[in-house]
Amino acid sequence: MMMVESTVTDIYFDFVCPYVYRAALWLETVEQRSNEPLRFRWRYFPLAQINNKQEGWKVWEQPVVNPAWNEVRSGRGLRAMWAHEAARQQGQAAANAYRLALLRAVHEDGLSLSGEEATQMAAERAGLDLDRWQRAARDPALLDAIRRDYELATGEYAIFGTPTFVFPGVRPAYLKLDALVPPSEALTYWSDFRRVVADRSLVIEIKRPH
């Protein structure tokens, strides 16, 4: 039986974004139900950075240069991304489980990212090696992954928001879902979305009036 090689779709995300939460749950169902191999690569896009107007300020540098970094609003998304990268050190399956657990903790359970309760609960729910995860979540070397993803997003693709999908060889697409996609319609939504974004190169924007 011949194996079909999957292509990689990059998704730029920030845990604070409700549209990311909706997209993540939708894509989880798509992966579970699709008959074709799919690969989603989740890349960091800190909204605190793209929305910042202070020249020279970098959110991924704050834990090193600003002792009060986690007391300000910009610290919320950074803490979550740092914790996610720490989970990734235990393998991609661990990162996938952690990402969904943390999104659910924030957007379903209403836990705040201003403290460590949400990130800790997600680690427990994802079944991580907690001691290993906690050490990694305080390793500043992991913050470089956030920088690399953000600089690629803005330098190569001019990305401005989350979630943004990058299919191979086509222009990125920013997606806002108004609500959770019903599981019964997940594959149809995916097929239609991919067809418009990846196969209809002349389409550059579709926007509904309010």
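Predicted model: local features only at pLDDT ≥ 70, side-chain atom pairs only at ≥ 80, totals over all residues.
1. Residues are numbered from 1 along each chain as its sequence is written, and side-chain values use heavy atoms, with hydrogens and water left out.

2. Let's begin with the rings. Rings of Phe, Tyr and Trp (its six-membered ring) pair if their centres lie within 6.5 Å; planes under 30 degrees apart are stacked, over 60 edge-to-face, and the rest tilted. That rule gives 18 aromatic pairs. One of them is W26 with F165, a tilted pair at 6.4 Å centre to centre with 55° between the planes. W26 sits in helix 1 (residues 18-33) and F165 in strand 3 (residues 164-166), so this pair links distant parts of the chain, 139 residues apart. Helices (H or I, at least four residues) and strands (E, at least two) are DSSP runs, numbered from the N terminus.

3. W26 is buried at 3%, and F165 is buried at 0%.

4. F165 also pairs with F193, edge-to-face this time: 4.9 Å centre to centre, 70° between the planes. Since F165 lies in strand 3 and F193 in helix 9 (residues 186-199), this pair ties together parts 28 residues apart in sequence. Both F165 and F193 are buried. W26, F40, F165, F167, W190 and F193 form one aromatic cluster.

5. Now for the helices. The axes (lines fitted to C-alpha atoms over the stretch in contact, with angles from 0 to 180 degrees between N-to-C directions) of helix 4 (residues 75-88) and helix 5 (residues 92-107) come within 7 Å and cross at roughly 150°. The two are therefore roughly antiparallel, a label for angles over 145 degrees; under 35 is roughly parallel, 65 to 115 roughly perpendicular, and the rest oblique.

6. Which residues of helix 4 meet helix 5? A80, A83, H84, A87 and R88 do, in contact (heavy atoms within 4.5 Å) with Q92, A94, A95, Y98, R99 and L102 of helix 5.

7. Last, look at strand 1 (residues 8-13), where 6 of 6 residues are buried. V8, D10 and Y12 cover one side, and T9, I11 and F13 the other.

How values were computed:
Buried < 20%, exposed > 50% of the residue type's maximum accessible area, 1.4 Å probe, protein only.
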